[in-house]
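Subject: Structure for your review

Dear colleague,

Please find the structure below, followed by an account of what was found in it.

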Amino acid sequence: MDQWIAMAKDVGFPIMVTLYLLYRIEGKLDELNRSIRQLPNAIVQTLPKDKVS
């Protein structure tokens, strides 16, 4: 915790908040990327067999 306080003093509170938010959103972006990559397969599976080329 002392390290975070020292960083806040050095770089300022707004930059610390930005870094924290970027750290938090990284996992959500990875999950979104994974979902987008799986989307074509999910679409193909939901289409009727006669519609798939």
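What percentage of the 53 residues of the protein chain count as buried? The share is 2%, where buried means under 20% relative accessible area, exposed over 50% and partly exposed in between, with a 1.4 Å probe and protein chains only.

Please note that this is a predicted model, in which local features need pLDDT of at least 70, side-chain atom pairs count only at pLDDT 80 or more, and totals for chains, interfaces and linings use all residues. Residues are numbered from 1 along each chain as its sequence is written, and side-chain values use heavy atoms, with hydrogens and water left out.

The protein chain has 2 helices and 0 strands (DSSP runs numbered from the N terminus: H or I of at least four residues for helices, E of at least two for strands). Its radius of gyration is 21 Å, well over the 10 Å that the globule rule gives for 53 residues, so the chain is more spread out than a compact globule. That radius is taken over C-alpha atoms, and the rule is 2.2 Å times the number of residues to the power 0.38. The C-alpha atoms fill a box of roughly 65 × 15 × 10 Å along the principal axes.

Helix 2 covers residues 13-46 and includes Phe 13, which is exposed at 61% relative accessible area.

Yours sincerely
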